[in-house]
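Here are my notes after a pass through the model.

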Amino acid sequence: MNPEFIKTICPYCGTGCGLIIKVENGVAVATYPDREHPVSRGSLCIKGWSAHEFINHPDRLTSPLLRKGDTFQEIPWDEAIPMAASKLRETAAKYGGDSIGGLSSAKCTNEENYLFQKLIRMAFKTNNVDHCARLCHAPTTVAMVQALGSGAMTNSISDLAGAGCIFAIGSNTAESHPIIMGEIYKAADKGATIIAVDPRETAVTRNAKIHLRINPGTDIPLLCGMMRHIIDEGLHNEDFIRERMEGFENLNEFLQLWPVKRAAEECGIDEEIIRNVAEIYAKAKESAIIYCMGITQHACGTANVLTICDLAMLCGHVGTEHSGIYPLRGQNNVQGACDMGALPNVYPGYQSVSDSAIQDKFQNAWGSTLSDKPGLTVTEIIGLAGKNIRAAYIMAENPALSDPDTNHVLESLKAFDFLIVQDIFLTETAKFAHLIFPSSCFAEKSGTYTNTERRFQLLRKAADPPGNAKEDFEILCLLGKALDLDFSYKNSSEVMDEIASLAPAYGGICFDRLERKGLQWPCPDSEHPGTQYLHKDRFTRGKGLFVIPEHTPPKELPDESYPYYLGTGRMFSHYHTGTMTRRSSFLNREVEEAYAEINPEDAAHLNVKDGEKIKITTRRGSIITTARITKRVSKGYIFAPFHFTEARANMLTNPVLDPGSKIPEFKVCAADVRKESQDG
Amino acid sequence: MANISVFLCKCFGEIDNTVDFDFLRKELSKNPSIVLISTVDSLCLETDIEKTVSRIKESNSEKVLIAACSILSRGNLVVESLIKEGIERHKIGLVDIREGCAWIHGDDPAGVTKKAKDLINIGIAALQHKELSDDMSVTVHPNALIIGAGPAGLAAAISLAKTRFKVNILERSKAPGGMLRLISRCYPGNEDASNKLEPYIREVENNPLITFYPQSKIASIEGDTGNFTVHFSSQEKDSSIKSGVIIIATGAKIFFPTGLYGYGEIKNVITQMEFERQILNGSLETKKPVFIQCVGARDKKRPYCSTICCPISLKNASRIAEDVPGASVFILHRGIMTPGNTLEKYYRDTLASGVQFIRFEEEHPPRIIGSDHVESVEVYDAITGITRKIETDLVVLSTPLVPNNDNAQLAKMMDIEVDRYGFFSEIYPMHPLETKTDGIFICGSARWPVSSDNSILQGKAAAMKAVSYLRQSKITASTLSRVPGLKAGHARVVTESCTGCGNCVAACPFNACHLEKMEGRYISVVNMMKCKACGSCVSVCPNGSVQIPEHNYRMVGEMIKMAF
Amino acid sequence: MMLEKTKDIARQILEEKKAGGVFGLMKNEWNIIQPHLFEDPAELANLVLEPKWLLAKLAMRILRSSPENYKLAVICRGCDERALIELIKRNQIEKENLLTVGIACSQEQAAICLCERPYPEKLDAGEKVSGVDPFQDERVQKFLTGNDKERMERWADMLKRCIKCYGCRNACPICICDPCKLEDDVWVQRGVVPTETVTFHLIRAFHLSDTCVACGACQEACPVNIPLLYLQLSMRKTLREKYGYEAGIDPETRSPVLSSVFEKPDTDREYPAWINSLGEKDES
Amino acid sequence: MNQPRILIFACKWCGFIGADAAGKKRTSLPSQFRIIPVECASLVETDAILRALAGGIDGIAVLGCHIGGCRYNNANHTAIKRLELLQDLLDTTGIGRSRLLLSFGTAHEDYQFEEIIKNFFDELILLPPLDPWLSPFGVIS
């Protein structure tokens, strides 16, 4: 019998907490927190505590499946792999390599992401590889690279505890990154001022000292108003700006357009509050900004992030231990997937595909010619299905639920000539696949995850994949070999070594060094201890750049026929498309069915009672969901979590893209709400 | 949610003069599960009940809520009438909007209407979530077992036999009679004990319904109300009998005051019981006896009054005073306990017969003078304050009855309780012969020292109690209520979620819960015959695995939610 | 010293087959420390005792999923031992199947945990150090002193931080119910963060009132640093002062809260003052 | 100042009878109290008391029989001990033990019930409001 306790990393959000999985007779039966883990220190959130529950769910895929009409038929691996290879090869031969699209996964390990992009790039000479970072932090990468030179969170999670002021904007940290919330409270206990900006009332705003309940999509006015006040009061850090920044004059000039009064009007809050908050942020010795999807998932997402960078740099709150900018990553390995080059424009380590020197480096290393043309993004790959993109390989992504304007996405998924989905469950997306590869979950593989604080952490295998399911790593190697690539890796450690040799920022990373506490990149060589916070003495791009943000209001605002704001987001017990959490009985027990939050006044107006069905309609579609009447949302605002397949909030969302980063505007659209008759 | 019809009783203005019924109707009509709201002048009138019943039957409601007066007034009558008309008990809810609302807040019209609304909502919530307990029944073995063949046991046996139930009597000694066999006369009538006993013994010997087991010893008792099995040995022969009820009439024993007043060391210091024996065998020779009361009773260790010792002393003292010429008889006491007019007369008669009473205090007990033979007793008279020396040839110690040594053991076998001294204790002062386990009764000195007359009385009473059980062919658990009406339900265990922590077992005052091992884990099991639905288990169960369906936690939660 | 002695005892247990396994902490070649079930005496070289890592609940789960007569030795601190005894009381562990190897905590550890008994009753290795009176601690006093209003605000401030991770319940060695009342809509509204603090935390705290062994597992597992242990202190004090009861000391003594005042321990208990509350008022 | 809200769990053998008698006497009492009759005080779950406090009820009274007077073989003793302990917890968290009124054996009669409830109202009105504790988002049903 002898139960084993295996230390590994939580598969949910980007915090990267340490788990101990208890394995009995090869079955993962329980999860415990890891007291020794540098991030979580013996705590877990509700999802972490239930991380083992979905592993043994009967719905797990156990054999490759081939579409036969409307049903799937089990086939052996030695049929499935050659079939996939030949179909992809045929398509590439017929329509060119750029007709293949690959969606990598923020749920898979760094090594798997590396192999995935390598496979797409080598076998089909295309850069059409992307993953769901596009839907969360693409603007962060674009904007922070532009302003600072690096798209990652500047500091470590534990640094938050020392900040004097924490400015949380567009982040429901308490529900989405609960363990990070603990650090915020530590800071609060030491006397830090917590400021929360959110149109909704959440656990964060509830516990913050100041809550700014701004109108949806008015982040730039707020931040500009703050900056204007900071400059007017002379609270900006002149030494820092003189020594380390460029472009201050432009910014100053631009801010003349944003007197506090205008900002306050746009945001729908008092001028005095903006002034107060600006002063608190600027005057604190070290201030940290936390932001998340509330900032990025807008058509002006890039501009939003740029404004945040401007604010931080204006006050010199970057490059010290307890200050910094904290874009909180939503997925356990979204940071890693970006790092590993599962992006259409960069190779691993953010090395541009258009740079010929870098292209040469990779061509030499991989022994293959590579395309220099940046590829298509997630939304584009899906959007162009059946047109430019004829075949796709989707590894552990669920665009059918996660991408905006679901009706359109579903149409597109049907339009692929050939669609391969590799997943652990028969997801909404997999239902459209022609071929399904059953893969393994976090507890069934080894590799590395990179959490939001850039920490490479080792994942340890606790159990075997069910039935004939294989590790993603193994599937990729098999497919690679079938596509005549030299994918003869013995284990993921070898892949990591290859990554280290190709991406300078990860040069010092190898499995042996990761065993105890992981390493935070940049870690260029094997002696380097890892980097606790970035931009210490100089910015990655040299000097920091103040970029002028352009405020564009949300593309779709309430009007007569669609009088409500609709925002989507997460709630504490479910995670993303619910594939895992809704199959965890404990998490599902907490929230069993889809709901939408609605203000009591609106509810009274609509004659809706708590728990009754409502129908939400936008220009793109409609869903029927349960009303939850609460003052969390202000009047005229509807909030719908997007985890639920029976009421897909993304049926409603607006697929309009941010020009800089191609992120869709999930957070704001116009909607109409009706009471759904009981018998309907 | 079930459909509910609501009946509002005006009580001829008693309620609707203060409570705004129009407002009530308006508020209640918002509730989709209410299909009928009806206002009635006075629900307790026979005509109105008929009307109500027909309206309920016409409507498509499954449950009925009556908003009228308290269940302690005429509310119960309304409910019972509806039950008589065929509506099930658990489908009827009664809300008191008269005593608890209209009458008590008559000066607050707004508050009273709101309260009425809330109370009705609480009632609806309760009605919606109320569940029905499981029930069980046991076939009754139509015979009784009596433990102990003293006066109480014999009286009980004969009463039971007269009602034609079979009776088995277990007796520790060889012959029936108990303590009556050891004494000469009974107080207060000075009747000969043997005369008193004789008809009983004859009956036991001759009545074919009565079986007497002498020299028997109980090994174990199992089973529940209506179906006990007693394993015992009689005259060294093992056997077991099944029995519907058990009457405990084991009596008590005499306290031997070893070490007190030189008892055991000095020859002519004896107890009352030895005095009786000497009378019986004719060896008594005394002219100047001194009776000392409360020996080993009403002190720190045994603070109770044994109630029978004073009359016994009166009986024996007057006998000497009357029978022996020139006798001088003293009773040294701490207050003569002779309650009731018969005993008080007995005391006065004794006083008249020349017996002298001296009251002493607990702090100054009498002193026995003499080394191996008592010569005199020195006593401090608490009334006069004089220490007196009394010449004597015999000191008789009045000692209390104390419980039998094996009471606790026997109680454990039957799952009943003994009090802190060791006498069998009744469940509640209002049910003096009944014990924690239904179907087991106590009588005679087993429950408290009593005279032989009282023993007989209690024995007969216990027999009648037992008959009420034996007369039923089947006993249903829900009827095992000690008050008129039914039990509130039975606790129900959700086996899947029970953790087997044993809290309910520890907290149950009736030992109705016990743990059983099932598939490697313990779960609690409720014995419905014992459960009285007090809810002790419910409130100590950490995860609500034990519930009383009629008062389940979902219902309580909803009721609280509706309270304001 | 203490470590060596513990290893010796553990080795002896394994070699003499007194138990099928010894449950303790293991440090591997990478210096990673984690719970481990030692079944081979050779492995014991890797046994460590620090940090404080509560093993009672894990040990209970191991015993429950192992064959009926499997015997387990647990290396336990005072709090672990008390938790195991409480689990025996609650029929989760068969007493015969459990061996304990008691180790003492250091004075520093006791100060961190505010532990009143930083040693097991059955001490096998290490030296007893004296306990700490939690009521003398500043951190505790901050939460337990002041008037009602101040305390209410302080606690409300703390408890509304709760992110409903259920960590306090999951980590608690005594919390074994499934389903748990905290998951039930009747008591705690589901699907909302911050949660209903009065019901969630006070129900949890009260369910443990007479079984809390003050191990602090709840507090250590709390991601938002709520001082959950302090909730228990006054109830523990009452139980100790009024009934002379302390959880986790003796497997045979059940909580006094489960028995009548006649049984436990109250032959000399005066009727509580509130019995005569009306009478008292008359007098004044 | 609003009248405080009181929820009473009354044992149907004593407190409930007292309340009923008070009604029959047509006593005048503030209307802001509601009675939930229970079989025995030992049926009152502490969780229900906490639930009620969380639901915005200002005071809870538990009326049971006196020690030795329980219909259920001293079942009320466990209730007494448990609820006393709960008072400690309420005290710790600043809700205050006086919000939980324990009255065992003192509400059998109408005048006793009346006096207890009146005093309880008077006491509650002086306590600080429970606002910080209440359900954080005021979910309206």
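1. Into which domains is chain B divided? Keep in mind that this is a predicted model. Chain B has domain 1 at 4–129, domain 2 built from 139–252 + 403–476, domain 3 at 254–401 and domain 4 at 492–547.

2. Staying with chain B, have a look at how domain 1 and domain 3 are placed. The centres of domain 1 of chain B and domain 3 of chain B, taken over C-alpha atoms, are separated by 68 Å.

3. Chain A gets a division of its own: domain 1 (4–49), domain 2 (65–135 + 332–520), domain 3 (154–327) and domain 4 (564–675). Here the C-alpha centres of domain 1 of chain A and domain 3 of chain A are 32 Å apart.

4. Those two domains of chain A do touch: seven residues of domain 1 of chain A are in contact with seven residues of domain 3 of chain A. On the domain 1 side of that contact you'll find four nonpolar and three polar residues, with no charged ones.

5. Now over to chains C and D. Contacts here involve 38 residues of chain D and 39 residues of chain C. On the chain D side, α2 (46–54), α3 (75–92), β4 (100–104) and α4 (110–125) each supply at least two residues. The largest share is from α3(D), with eleven residues.

6. As for the make-up of that chain D side facing chain C, the classes come out as 17 nonpolar, 14 polar and seven charged residues.

Terms used
Residues are numbered from 1 along each chain as its sequence is written. Chains are lettered from A and ligands numbered from 1 in the order in which they are written. This is a predicted model: local features need pLDDT of at least 70, side-chain atom pairs count only at pLDDT 80 or more; totals for chains, interfaces and linings use all residues. Domain bounds come from an automatic or database domain assignment. Ala, Val, Leu, Ile, Met, Phe, Trp, Tyr, Cys and Pro count as nonpolar, Asp, Glu, Lys and Arg as charged, and the others, Gly among them, as polar. Helices (H or I, at least four residues) and strands (E, at least two) are DSSP runs, numbered from the N terminus.
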